[in-house]
Amino acid sequence: MTLLISGPNGSGKSTLVKMISGVLTPTEGEVKATSDGNDAGPMLHAIIGLVSPHLQMYEEFSARENLQFALSVRGLNALHSGIQPLLEELQLKGRIDDPVRTFSSGMKQRVKYAFALNHQPPILILDEPMANLDSNGIELVKHIMVEQRTAGILIVATNDITDVDGYDQRVDLGKRP
Amino acid sequence: MGTTNGWILARGRKIADERLWQASFAIFRKDWKSELRTRYAISALVMFVISTISIILFSLGSEGASLSALSGMLWVAIFFAAMSGLSRTFVAEEERGTSMTLQLIATPTAVLFGKLLFNLVLVICLNVFVVLLYSAFISEFVVKTYSIFIVTVALGSIGFATAATIIAAIIARANTKGTLYPVLAFPILLPLLLTVINGTRLATEGAFFEEALGEFNLLVSYIVAVVTASYILFDYIWRD
């Protein structure tokens, strides 16, 4: 399933994404996550992968260390063996153990994708998914989107709807009453 | 947002409930590794301790000071050194913009206990360093009842770490972090400071262990109260 959140700059796409991810508490209303009728809210951090311009990596650590840290915190140490192939798939081979502070903005964006995908999340949220990426990176992200929409839920927030090849539902924040 | 994947909930609940300590330890390990690479807190603490003890040493000169005054000066050195370094654990997350990353991957409770563990290790290292340096250079400071002194320093360290952690979490979002930290910390740490100073004085006067039990009860009560309040309040402080 794919949900597209669209709207012009300043319309609140990133704010909505932060609220869905559980990192921002809404001033009004509430975000509900359910699975088979049960509240899944308290464990959102374990089932969501997020790529956002507001999300920063630990720059003194390498890409591998950032991913290892996230898996350890989520209690998924069994997935450590998947870090190297994932980073290689994201075309970071040869730089996996370099500090993230030495990376270009495009490479940092690829590390964010690895960070969002390394726990195999059922829900993947992408805020401005193509930011800082070259043509190779854009193709890679399109491939990730196709895989995610068949495996789980994909939520994309963008002001350029051509970023997404089709969607099931759309929330247009530019058309608020 | 609803899904029919029951395994999602089962997996999330398992992680949330059973892996709290593993998550806390992972955050502690990350902070420690980061500190060893950047040396922000350790450098500040060491320089502050050396400066403070040098000033005390020069101020005393050849004149002696009472045991009460020497006990007080020991904890003044610890207090100001701690104020210069213990806020880093949360302030650094805000400055690097990684708070959101932590909010995304960890429960608030795991963050609280991970940061608390880091500050606890830092305070214990700080206190051992201060006590060794203080004992080496201030010859009048002689501990006669080691059991009282060790328990006082141990409970004082835990009390300092618990209070410093929650205060750091509160001030991390403020614009004037540097000045706000000692201002907010002083009234909260005052009961702890008065008690550990009294406990240290008893240790230097050669009191019996039983005579310091009142101080120890106070310190344990302080720690329990601060940890409980932190556990209840942290979710509101940590979430935007």
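The following legends describe close-up views of a predicted model.

Residues are numbered from 1 along each chain as its sequence is written, and chains are lettered from A in the order in which they are written. In this predicted model, local features need pLDDT of at least 70, side-chain atom pairs count only at pLDDT 80 or more, and totals for chains, interfaces and linings use all residues, while side-chain values use heavy atoms, with hydrogens and water left out.

**View 1. Overall build of chain A.** Chain A contains 6 helices and 7 strands (DSSP runs, numbered from the N terminus: helices are H or I of at least four residues, strands E of at least two). Read from the N terminus, its elements follow the order β-α-β-β-α-β-α-α-α-β-α-β-β. The radius of gyration of chain A (taken over C-alpha atoms) is 16 Å, close to the 16 Å that the globule rule (2.2 Å times the number of residues to the power 0.38) gives for 177 residues, so the chain is as compact as a globular protein of that length. Along the principal axes, the C-alpha atoms of chain A fill a box of roughly 50 × 35 × 30 Å. Of the contacts in chain A (heavy atoms within 4.5 Å) between residues at least 6 apart in sequence, 71% join residues at least 24 apart.

**View 2. Helix α3 of chain A and its cover.** Helix α3(A), residues 63–73, is mostly covered, with 9 of its 11 residues buried (under 20% relative accessible area, 1.4 Å probe, protein chains only). Among these buried residues are L67(A), F69(A), L71(A) and V73(A), as well as E65(A) and N66(A). Their cover includes α4 (83–89) and α5 (105–117) of chain A, together with α2 (20–38) and α6 (99–105) of chain B. Just after α3(A), G75(A) adopts a positive phi of about 75°.

**View 3. Helix α5 of chain B.** The buried residues of α5(B), which spans residues 88–96, are R88(B), T89(B), F90(B), V91(B), A92(B) and E93(B). Just after this helix, G97(B) takes a positive phi of about 75°.

**View 4. F160(B) in the largest nonpolar core.** The largest nonpolar core has 132 residues (such a core is a set of buried Ala, Val, Leu, Ile, Met, Phe, Trp, Tyr and Cys residues joined through side-chain atoms within 4.5 Å). L74(B), F160(B) and L189(B) touch the most other members. Leaving aside neighbours within four places in sequence, F160(B) is in contact with W75(B), I78(B), F79(B), A82(B), V123(B), L189(B), L192(B) and L193(B). In soluble globular proteins, nonpolar side chains tend to be buried together.

Notes: Buried < 20%, exposed > 50% of the residue type's maximum accessible area, 1.4 Å probe, protein only.
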